[in-house]
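Please look over the sequence and the model shown below before reading on.

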Amino acid sequence: MSTGTAQKGLWKLMLKLPALRGQLQILSAQNTSLLSLCDAFHDASSTLDCLRMDPKADIAIIREYEALCSEIESEVIEICLLAHSKLP
C-alpha cells in the first residue's frame, strides 16, 4: 500500500462523504484498515474514471467497478459509525 495513493483515496472519500470528513481525517491517522480501504478506493475509482472515458469499455466491467466503489464506501461508513458509537 502506498501512502500517496491512500492519501488520494482519503481525499476522494472526503469529497464523496462530506459529513464524515473530520472523522475520516482523524480515523485514517490511527486505523490501518481504513487507510487500506482509502488505498483500494483510490485504485478502484481511478480505474472507474478511466473506464468511463473509454468509449470501447465493457459496460459490465464499469458496473463491477461502480459496485466495488460503492462497497468500499459502505465499509468506510461502517468503520466511521462503529468508531462514533464507541465514543463516551
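This is a predicted model: local features need pLDDT of at least 70, side-chain atom pairs count only at pLDDT 80 or more; totals for chains, interfaces and linings use all residues.

The N-terminal end of H4 is capped by aspartate 58, with a side-chain oxygen 2.9 Å from the backbone nitrogen of alanine 60.

## Overall fold

The protein contains 4 helices and 0 strands, and its elements follow the order α-α-α-α from the N terminus on. Its C-alpha trace spans about 50 × 25 × 20 Å along the principal axes. Of the 88 residues in the protein, 32% are buried. When contacts between residues at least 6 apart in sequence are considered, 69% of them join residues at least 24 apart.

## Helices H3 and H4

Helix H3 takes in residues 32-53, which makes 22 residues, and the distance from its first C-alpha to its last is 32 Å, close to the 32 Å expected at 1.5 Å a residue. Its buried residues are Leu34, Leu37, Cys38, Asp39, Phe41, His42, Ala44, Ser45, Leu48 and Leu51. These buried residues pack against helix H1 (3-16), helix H2 (21-30) and helix H4 (59-85). An α-helix has 3.6 residues a turn, so residues three or four places apart point the same way.

How far apart are the end C-alpha atoms of H4? They are 39 Å apart, which agrees with the 39 Å that its 27 residues should span at 1.5 Å a residue. The buried residues of H4 are Ile62, Cys69, Ile72, Glu73, Val76, Ile79 and Cys80, and what covers them includes H1, H2 and H3.

## The largest pocket

The largest pocket has a volume of about 200 Å³, and its lining consists of Lys12, Lys16, Phe41, Ser45, Leu48, Asp49, Arg52, Glu66, Cys69, Ser70 and Glu73. At least two lining residues come from each of H1, H3 and H4, with H3 giving the most, at 5 residues.

Sorted by class, the lining has 6 charged, 3 nonpolar and 2 polar residues. Phe41, Ser45 and Leu48 are among the residues that line the pocket, and they also belong to the buried residues of H3.

Is glutamate 73 buried or exposed? This residue, placed in helix H4, has a relative accessibility of 15%, and because buried means under 20%, glutamate 73 counts as buried. Leaving aside neighbours within four places in sequence, glutamate 73 is in contact with Leu13, Lys16 and Phe41.

The C-alpha atom of alanine 67 is separated by 9.9 Å from that of alanine 44, a residue 23 residues apart from it along the chain. Alanine 44 is itself one of the buried residues of H3.

Notes: Residues are numbered from 1 along each chain as its sequence is written. Side-chain values use heavy atoms; hydrogens and water are left out. The expected span of a helix is 1.5 Å times one less than its number of residues. Buried means under 20% relative accessible area, exposed over 50%, partly exposed in between (1.4 Å probe, protein chains only). Contact means heavy atoms within 4.5 Å. On a 1 Å grid over the protein atoms alone, a cavity is a set of points where a 1.4 Å probe fits but cannot get out, and a pocket is an open set with protein on both sides within 12 Å along at least five of seven lines; lining residues have an atom within 4 Å of a point. Grid points are joined across faces, edges and corners, and a volume is the space filled by probe spheres set on the points. Ala, Val, Leu, Ile, Met, Phe, Trp, Tyr, Cys and Pro count as nonpolar, Asp, Glu, Lys and Arg as charged, and the others, Gly among them, as polar. A polar contact is a pair of N or O atoms within 3.5 Å; within protein, one must be able to donate a hydrogen and the other to accept it, and residues adjacent in sequence count only if both atoms are side-chain atoms.
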